[in-house]
Amino acid sequence: MSQPATQPNPEQTTDGVPPHRYTPALAQSIELAWEDRWEREGTFHTPNPTGRLSAGFERVADRPKAFVMDMFPYPSGTGLHVGHPLGYLGTDVTSRFLRMDGRNVLHPMGYDAFGLPAEQYAVQTGQHPRVTTEANIVAIAAQLRRLGVDHDTRRTFATIDPGYYRWTQWIFEQIFQAWFDPDAGKARPIAELVAELDAGTREPAAGTVPPGRTWPELSAVERRRAIDAHRLAYRHEAPVNWCPGLGTVLSNEEVTADGRSERGNFPVFRRPLTQWMMRITAYAERLLSDLDRLDWPESLKLMQRNWIGRSTGSRIRFSVGAVGRADDAANEDVEVFTTRPDTLFGATYLVLAPEHPLVETLTAAHWPDAVDPRWTSGAATPVEAVAAYQRQASRRSELDRQAEGREKTGVWLGTTAVNPLTGRDLPVFIADYVLTGYGTGAIMAVPGEDSRDWEFAQTFGLPVVRTVQPPADFSGGAYTGAGPMINSSNEQLSLDGLDKAAAISAVTEWLVASGHGEATTTYKLRDWLFSRQRYWGEPFPIVYDTTDPEAADLPIAVPESMLPVLLPEVDDYSPKTFADDDDTSLPEPPLSRATDWTTVTLDLGDGPRQYRRETNTMPNWAGSCWYHLRYLDPDDDQRLVDPELERYWLGPRRPGDVGGVDLYVGGVEHAVLHLLYARFWHKVLFDLGHVSSEEPFRRLVNQGYISAFAYTDARGFYVPAAEVVERDGQFFHDGEPVTREYGKIGKSLKNMVTPDEMIEAFGADTFRVYEMSTGPLEQSRPWETKAVVGSQRLLQRIWRVVVDEETGAARVADIEPDDGTCRVLHRTIEAVRDGMGTLRFNIAVARITELTNHLTQAYGGGSAVPRSVAEPLVLLLAPLAPHVAEEMWSRLGHPDSLAWAPFPVADQRWLVDETVEVAVQVNGKVRAQVSVAADADPAAMEAAARGDERIAAHLDGATVRRVVAVPGRLVNFVLG
């Protein structure tokens with residue numbers, strides 16, 4: 001006979017309370033004991049098919065695999081609140097169910113530990129961010145252990161571990177040493193590009209070599225620059241959000257709508273800086289089309305589709321400069337992208353983004369005579385006007401610049417361009433409603449058919465030419481609807497009378513034939529800005545040769561043998577900050593001050609030379625792009641991932657399958673950036689042959705939020721919700737009235753409730769059952785501490801069904817249950833299995849409650865419960881409340897953990913109804929319902945119907961012409 005994990009605690013026995021009642025104290029004792037036993041016995045150690053973690057694989061070799069994973073947490077000092085475990089418990093319940101249902105389940109957890117919060121704390125205290133971060137990891141790991149999650153802790157790591165970020169750096173080098181071959185539609189090693197260029201079988205991509213030069217004519221340094229321009233990871237001068245007051249570049253998400261930093265409220269300027277970029281745009285089409293192959297929520301797929309922003313249209317070239325009637329500006333072509341080339345006859349001016357690279361070149365030296373004062377912004381020269389406007393625009397966020405209804409501003413460059421269809425001169429403006437990140441950063445303005453262009457034209461007195469016929473009741477302004485083309489003819493081309501599709505086709509054909517443009521597809525997606533002026537991040541494995549001035553800015557990847565490039569120790573963790581309005585300042589990252597580390601002598605094949613290290617660090621997104629791969633064996637120091645392990649856990653199951661993690665659970669706030677970046681990295685690794693799966697996450701579920709009441713004082717500041725008291729329907733904090741609202745649980749609203757509090761008051765299993773009972777995993781739900789007691793009472797009732805509260809022994813016997821109990825049991829099994837499989841754990845809890853209530857009534861009063869019913873009840877509960885289920889399983893006489901016990905399967909014969917209700921009609925009108933045997937034939941159904949008093953009254957004296965009986969559904973008497 002096995003021994004339970006706990007023994008009676010005399011302190012639990014008080015007057016009137018049985019010594020073995022399931023109280024919070026007993027729950028605590030049970031839970032701690034079983035958590036120790038799981039750890040001691042390695043209950044949740046998942047065997048790999050090969051390698052270091054393969055011990056015990058023979059036990060699961062015939063099982064299908066299941067890889068279940070959470071978006072891993074950032075280890076903040078506040079730990080977990082009750083909203084965080086919703087997803088973690090959802091995956092835990094799922095992984096436990098799948099293991100019991102015959103799968104080899106991998107359920108790991110790690111920590112996304114690089115990032116700004118730890119660095120901020122280090123700046124304030126001088127304590128190394130690793131110290132703070134590792135302490136927080138220990139605290140969160142203890143919380144997760146106390147929740148009873150079944151993680152294989154042998155696979156746990158943090159992104160700050162050198163053994164981990166060595167491989168983050170290695171992946172960066174793989175991307176750096178690759179280019180995207182548009183002919184093959186995939187990444188290839190850069191060495192293959194060089195070989196093809198040297199052999200003359202490929203020409204450099206447009207814009208990567210100096211005009212008029214060929215590959216053989218280039219010097220070694222020029223060739224290197226051309227190659228670097230092809231790389232998937234490259235350095236590029238790009239417009240960024242520069243915050244002098246913080247001394248760093250910010251992402252768009254860190255900038256408020258009024259162009260200030262979210263942290264500190266400092267001014268932010270859009271200005272060009274040389275940064276590391278990832279050429280994610282090369283994968284735009286694959287990232288878009290492969291969404292259709294993923295089992296993800298449609299709403300999330302739509303968010304990614306919108307972010308990628310695929311548009312089909314035309315590129316049109318407008319000549320500017322001497323040919324463009326502006327003699328003091330250089331000869332250039334301005335390329336615009338438009339989805340409506342059919343409206344080219346209506347283009348009356350061009351607009352460039354203020355950051356467009358041609359702005360300086362195209363700005364004239366002087367205003368012409370009689371210039372419209374609205375176009376000059378009051379400046380003496382175009383140069384002055386442009387400089388002032390660029391500075392003004394740099395202080396606006398992209399969100400603000402795109403806001404509907406905002407007053408249109410801009411200045412003229414003093415230059416005109418030529419409309420290729422009409423020959424008319426078009427003034428060229430810069431305006432902040434045009435962004436560099438979409439299309440070409442320049443637009444042809446068609447005010448007759450575009451609302452923003454109409455507003456700009458009205459402000460600046462520009463002409464409007466309608467090219468689409470509005471309806472008769474049109475009230476004015478820009479007409480954006482459908483209609484026949486008008487005012488769209490010249491000697492070469494006539495679009496008049498055509499509909500939109502025909503006109504687009506005709507004008508595109510003309511653009512191609514005349515050399516003025518071509519059909520193209522563009523994307524809103526931008527290349528990934530991949531460098532930060534931070535200390536607490538992965539160092540780039542990049543150096544620069546200081547001995548060759550001509551090549552001093554050319555990045556060189558260090559050999560794999562020199563990885564990882566470790567972060568140095570520094571005294572000051574903060575980047576250099578500047579005056580708030582110093583938009584001419586340049587970033588000085590903390591690493592730039594570590595001179596002993598920054599300057600290094602290396603032998604990279606040409607003898608010892610002095611090199612300068614890259615002083616930016618990678619963004620915190622880098623480590624989370626590939627952590628699913630490292631879970632397979634986090635201590636493998638020979639390779640990124642064993643190919644056999646990757647094929648087993650992530651490989652495609654059948655032709656056309658993308659592969660990936662079987663279930664990935666996390667918040668919808670990561671719908672775009674993390675998921676898009678991880679998909680991009682994984683696709684590059686797939687192209688280069690490092691993985692067999694095309695996508696990282698096959699199935700994705702976004703867990704809902706947990707919300708709770710929050711309270712604000714008279715100033716509008718949040719006060720601690722736990723300190724608020726209610727009196728006569730009003731709420732008070734420190735005696736002062738406060739206003740109650742409802743919001744997502746979190747530190748900012750001061751309405752946090754921690755799982756530690758709940759576990760101390762009720763036990764972990766009660767907390768688990770409560771969170772899982774409040775709705776499907778994807779659904780947001782309210783938190784109500786008072787309601788937790790209902791889950792505690794459910795577990796107490798289940799305990800009483802199985803365990804005698806006086807003796808602690810199992811109150812079961814080897815007796816046969818009655819038919820009614822069998823029917824309830826097996827219907828419960830069927831419903832619980834469905835709830836587990838669909839992540840509707842609330843259904844599972846509800847059905848277990850019904851079964852418990854039935855058993856309490858049927859076997860109350862001290863009578864023994866059939867073992868064949870009690871044991872399935874415990875197994876059904878096990879994924880939801882594993883500690884108490886293990887304890888009951890042990891008291892039922894089982895020496896081994898139930899974690900590997902088979903999950904119950906319903907006997908189909910008990911799922912069939914004995915009787916069914918059928919409708920009885922007379923001449924097609926329902927007159928009664930009668931109960932018949934589920935397998936009753938038509939004759940029996942007719943007999944039962946005739947025996948009903950109501951039907952007998954309708955048939956009395958009538959002639960029954962025929963009887964229609966549909967088994968299980970209805971009987972219809974047709975009267976003559």
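**Reading burial, strands and cores**

Student: Which residues in H27 are buried?

Tutor: Pro882, His883, Val884, Ala885, Glu886, Glu887, Met888, Trp889, Ser890 and Arg891 are buried in H27. Buried means under 20% relative accessible area, exposed means over 50%, and partly exposed is in between, using a 1.4 Å probe and protein chains only. Helices (H or I, at least four residues) and strands (E, at least two) are DSSP runs numbered from the N terminus. H27 spans residues 882-891, and ten of its ten residues are buried.

Tutor: A word on the source: this is a predicted model, where local features need pLDDT of at least 70 and side-chain atom pairs count only at pLDDT 80 or more, while totals for chains, interfaces and linings use all residues. Residues are numbered from 1 along each chain as its sequence is written, and side-chain values use heavy atoms, with hydrogens and water left out.

Student: What covers the buried residues of H27?

Tutor: Look for contacts, meaning heavy atoms within 4.5 Å. The cover includes helices H1 (24-41), H3 (85-100), H5, H22 (764-773), H23 (788-802) and H26 (867-877). Just after H27, Gly893 has a positive phi of about 105°.

Student: Now a loop residue, please. Where does Thr159 lie, and is it buried or exposed?

Tutor: Thr159 sits in the loop between H5 (129-146) and H6 (162-176). Its relative accessibility is 0%, so Thr159 counts as buried. A polar contact is a pair of N or O atoms within 3.5 Å; within protein, one must be able to donate a hydrogen and the other to accept it, and residues adjacent in sequence count only if both atoms are side-chain atoms. Here, a polar atom of the Thr159 side chain lies 2.8 Å from the backbone nitrogen of Ala113. Leaving out residues up to four places away in sequence, Thr159 also touches others, including Phe72, Tyr111, Tyr164 and Gly623.

Student: And in strand E16, which residues point which way?

Tutor: In a regular strand the side chains alternate between the two faces of the sheet. In E16 (residues 542-545), Ile542 and Tyr544 point one way and Val543 and Asp545 the other, and all are buried. Two strands pair if DSSP finds at least two bridges between them. E16 pairs in the antiparallel sense with E17 (residues 555-557) over three bridges, where Ala557 is the bridge partner of Ile542. E16 also pairs in the antiparallel sense with E19 (residues 608-613), again over three bridges, and there Tyr611 partners Asp545.

Student: How many residues has the largest nonpolar core?

Tutor: A nonpolar core is a set of buried Ala, Val, Leu, Ile, Met, Phe, Trp, Tyr and Cys residues joined through side-chain atoms within 4.5 Å. The largest one here has 179 residues, and those with the most contacts inside it are Phe172, Phe530, Trp681, Trp783 and Leu880. Its largest share, nine residues, comes from helix H20 (residues 673-687). Domain 1 (44-159 + 622-702) and domain 4 (753-910) both give residues to this core, so it lies between them. The domain bounds come from an automatic or database domain assignment.

Student: What does Phe530 contact?

Tutor: Neighbours within four places in sequence aside, the contacts of Phe530 include Phe172, Trp276, Phe540, Pro619 and Trp681. Apart from that core lies another, of 53 residues, among them Val334, Leu350, Leu426 and Val446.
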